[in-house]
Amino acid sequence: MSTDLSPVRKQYLEVKRRYPNAIVFFRLGDFYETFDADAELAARELDIVLTSRNVAKDQRVPMAGVPHHAVEGYLARLIEKGYHVAICEQVGDEPVKGLFPREVTRVVTPGTVVEPGLLSETRNNYLAALVFDAKPGDATGRAGFAYADITTGEFAAAQFQSSDIAQFIRHELARLRPAELLVPDEGRFEPQSRDPATAGGAGGREENTGGNRTPLPAWKFELEQARQTLLDHFQSASLAGFGLDGLPLAIRAAGAIIQYLREAQPGALNLLTGLRTYGPTEFMMLDAATRRNLELTETIRGGQARGSLLGVLDRTVTPMGARLLRQWVSQPLLDITAIEERLNGVAALHADALLRAEIIAALKPLADLERLTNRVLGGTAIPRDLAAMRGTLGALPRLKETLEVGGQRSETASNLRLLTSNLDTCPDILSLLQSALADDPPNTLGNPGAIRPGYSAELDGVNAASRGAREWIAGLEKVERERTGVKSLKVGYNKVFGYYIEMTKATTEQAPSDYIRKQTLVNAERYITPELKEYETIVLNAEERVTEIETRLFREVCAQIGGVASRLLTTARALARLDALAALAEVAARNGYVRPELADDGRLEIRDGRHPVVEQYLEGERFVPNEVIFEPGECVRIITGPNMSGKSTAIRMTALIVLMAQIGSYVPVAEATIGLVDRIFTRIGAQDEIHAGQSTFMVEMIETSALLSQATPRSLLILDEIGRGTSTYDGLAIARAVIEYIHNNPRLNSKTLFATHYHELTEL
C-alpha cells in the first residue's frame with residue numbers, strides 16, 4: 001500500500017481487501033461513499049452522479065455517494081439486482097490519531113435482508129443452499145437442499161434422490177423462489193450469475209426460480225465441517241433429533257447456510273432455533289411450467305397477484321396470514337388427515353358468518369408479530385417495533401374471547417379448539433411492555449422518550465435534574481433583564497458555545513461583574529455566568545445519560561422478550577393459521593364454494609365446476625359450469641371444439657379445483673369427489689426459448705417428455721394442443737402417440753385431460 005495515500009484511503013482499501021465480493025458503502029459524514037470499480041457500478045445501477053476524489057499526489061479515483069438517511073432505497077435496488085453490500089460505519093465518538101475508526105457492521109445480501117423497508121410483507125425471503133453428489137457410475141443422482149427465512153425463523157432441509165434430480169431441484173426453486181442460492185464453487189464470485197441446471201422450466205427459465213447464485217468455497221459444504229457447524233449452532237450432541245440421520249447432503253446444505261450467516265448476518269443465528277426435514281412424498285410436486293401455466297401466485301403476463309389463484313383466495317388481513325396462505329397454495333398436501341384438519345378449520349368459520357366477521361375485524365389491526373419477534377431476537381428492533389408488539393398483544397385477549405364465545409354458539413365448536421389451542425396472549429410480556437415503553441416512543445434510541453416515566457428510578461432522577469435545570473435556564477432571561485435593566489438581553493444556545501447571555505454593544509457597560517465574556521460578535525457580546533455553566537453541564541450531561549440509560553433499559557426489555565420468543569412465535573403462527581383459514585372461509589362464503597369430498601383412490605368427479613379466477617372477471621355474465629367425471633378405469637378424456645369454446649378454461653379449471661382441495665380450501669363446484677393426486681403436470685401455451693436455442697415446438701416436446709417420464713398413475717395431466725407446433729399430420733401423429741402412451745403404459749395410466757383441435761382423435 002502506497003505511503004503517499006491519505007489515511008482515509010488506506011482505511012478504505014483495508015476494508016475493501018476484507019470484502020472483495022461486496023460493494024463497500026463507506027461512511028463519510030452524512031454520506032455513504034463508494035470508490036473505484038464500486039463507484040462506477042453504483043453510479044450505473046443507481047443512476048447517481050459519478051465524481052472523483054484525490055487520494056494521493058496526482059492520483060484521483062472514481063467516487064459516488066448516497067445520503068445516509070435515504071440508504072434503504074438504494075440498498076433495495078442493489079439487492080434486487082443480486083449485489084452484496086458491506087455497510088462500513090464510523091464507530092466511536094472520538095477520532096484516534098485524527099481518524100475515526102470504521103468497521104463493517106453488516107453485509108446486506110438478497111437472502112439476509114432484515115430491514116422492513118427492503119422486504120415484502122406478504123412473501124417470505126428465503127436464503128437457500130444446494131449441493132449435488134455426482135459419482136461416476138451412479139444410476140441416480142442425489143442432492144441436498146436447505147432453506148431459511150431469517151425474518152421468520154423458518155429453517156428446513158431435504159435430500160433428494162432421483163434419476164432426474166435436476167427436475168426435483170427445479171420444482172423446489174420454483175416453489176420457494178429464494179432470494180439467494182448458495183452453491184459450492186471455488187471460482188470467482190459473480191453477482192448475478194445463475195446456473196442453468198438450477199433454473200426453472202424448460203430451457204432453464206430464470207424467472208421461475210428468482211434468486212441469485214452466491215458461490216461459496218467448496219470446503220464450507222464438506223460433510224464434517226457442516227455437521228460440526230450444526231452441532232455447535234444447536235448445542236446438540238447429535239443431529240438425529242432433527243431427522244438428519246442418513247441425510248448427509250441435507251446436512252451439508254444446512255451447514256453451509258449457518259456458516260454463511262455467521263459472516264453475513266450473525267445476529268440472525270439467534271432466530272434459527274430449530275430445523276425441519278421434509279421429503280418429496282409430503283407435498284404435491286409442481287414443476288415450474290405447471291406453476292406458470294396455472295398462474296398460481298402471479299399472472300403470466302405482468303407477474304401480478306391479481307388474476308392469479310392466490311389473488312382470488314388471499315383475503316387475509318395480516319402479513320403473517322398472507323405469507324402462510326402463499327405457502328399453502330405453493331405446496332398442496334398429500335395427507336388426507338392433514339387436509340381434512342384444514343377443511344375442518346375452514347368449516348368452523350364458514351358455518352358462522354358473524355363469528356368470521358368478528359375474527360377478521362379482530363385480526364385486522366394486528367402487526368406482524370412473527371417478524372417483530374425475530375427483529376427483537378436479531379438485535380435490530382427499534383422502539384416502534386416494541387410499540388407495535390404491545391398493541392398486538394393487547395388485542396389478543398379480545399380475539400381469544402371472540403373465539404371462545406363463538407365456539408359456544410357454533411355447530412362446529414370442536415374445530416375451533418384447534419384454532420385457540422396455541423393462541424398464547426402472553427400477559428407477562430404485555431405487562432412488561434406496558435410498564436417499560438412510553439405511549440408514543442420515538443423511531444430510534446438516539447431520541448429520548450422511549451422508556452415510560454416511573455419504570456426506572458435512575459432514569460427518572462436524571463430527567464428530573466435535567467428538567468429542573470432547563471426550567472431554571474428558561475427563566476433566566478427574565479431574571480437577568482430585571483437585574484440588569486437591559487430589555488434587549490437574550491439567553492440563547494448553539495452547539496459550539498453552549499448556553500450564553502447576549503447583550504448588544506450599546507448595553508455591555510451594564511453587564512454585571514459576574515458575567516464572563518464568551519464570544520464577541522459584530523454588534524453584540526455573549527457571556528456566561530458560573531451558575532449558568534453549572535446548569536448547562538447538568539442539561540448536557542443529562543442528555544447523554546438519558547440516551548445511555550434508555551438504550552440499556554431497552555436492550556434489557558428486548559432480552560426479556562427474547563427469552564420467551566418461542567411463545568411469541570407460536571402465537572404468531574397460530575394467528576397466521578387463523579387468518580389463512582378465515583380468508584379461505586370468507587372466499588368460500590362470498591363465491592359460493594363447497595367442501596370437497598376427499599378420497600384416496602383414483603376417482604375424480606366434478607359437477608358444475610367453475611374456474612375460480614375466470615368467474616371473478618366476467619362482467620355481467622354468468623360462468624357456464626362444466627362437469628368432469630372420470631369413470632372407474634378411465635384415464636384419458638379428449639376435449640375438442642373450435643377456438644374460444646372453453647377447452648383450455650375447462651382443463652385449467654379441473655387442475656385448480658384439485659389443487660384447491662389439496663390445500664384445504666372449499667372449491668367452486670356444486671359437488672366434488674377428489675381422489676388425491678401426487679403431481680399435476682401441464683403442457684399449455686406456445687412459448688419459445690430463443691436465447692437457449694429452443695423453438696416453440698422444441699419447448700413443447702421437452703415439457704411433454706418431462707411429464708411422460710415423471711408422471712405416475714396418481715398424477716393429473718393437463719395437455720392443451722399437443723403437436724400444434726409442427727405440420728398438421730405430424731402434429732396429429734404426435735398427439736395420438738402421446739395419448740396412446742399415457743393410456744397403454746402401466747407405469748402411467750394417469751388421469752389426463754387432453755384438449756385438441758384434432759377432431760380425428762375422438763375415434764380413440
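**Entry 1**

I began with L313 and, leaving aside its neighbours within four places in sequence, I found it in contact (heavy atoms within 4.5 Å) with L325, V329, A583, L584, V587, Y593, M660, I663 and S665. I note that this is a predicted model, in which local features need pLDDT of at least 70 and side-chain atom pairs count only at pLDDT 80 or more, while totals for chains, interfaces and linings use all residues. Residues are numbered from 1 along each chain as its sequence is written, and side-chain values use heavy atoms, with hydrogens and water left out.

**Entry 2: α19 and its partners**

Helices here are DSSP runs (H or I, at least four residues) and strands are runs of E (at least two), numbered from the N terminus. I looked at α12 (residues 369-378), which packs with α19 (residues 565-591) at an angle of about 160°, the axes being 8 Å apart. That angle makes α12 roughly antiparallel to α19, a label used for angles over 145 degrees. In this contact I listed L369, E370, T373, N374 and L377 from α12, with A565, L568, L569, T571, A572, R573 and L575 from α19.

Next I turned to α10 (residues 336-350), whose axis comes within 8 Å of that of α19 and crosses it at roughly 65°. Here α10 contributes E341, R342, G345, V346, L349 and H350, while α19 contributes R577, L578, L581, A582, L584, A585, A588 and A589.

**Entry 3: I684**

Finally I looked for I684, which I found in the loop between β22 (680-683) and α21 (696-710). I684 counts as buried because its relative accessibility is 2%. I684 touches N293, R652, I718 and D720, when residues up to four places away in sequence are not counted. I also noted that I684 and T290 lie 394 residues apart in sequence but 8.6 Å apart in space, C-alpha to C-alpha.

How values were computed:
Axes are lines fitted to C-alpha atoms, for helices over the stretch in contact, and angles run from 0 to 180 degrees between N-to-C directions. Angles under 35 degrees count as roughly parallel, over 145 as roughly antiparallel, 65 to 115 as roughly perpendicular and the rest as oblique. Buried means under 20% relative accessible area, exposed over 50%, partly exposed in between (1.4 Å probe, protein chains only).
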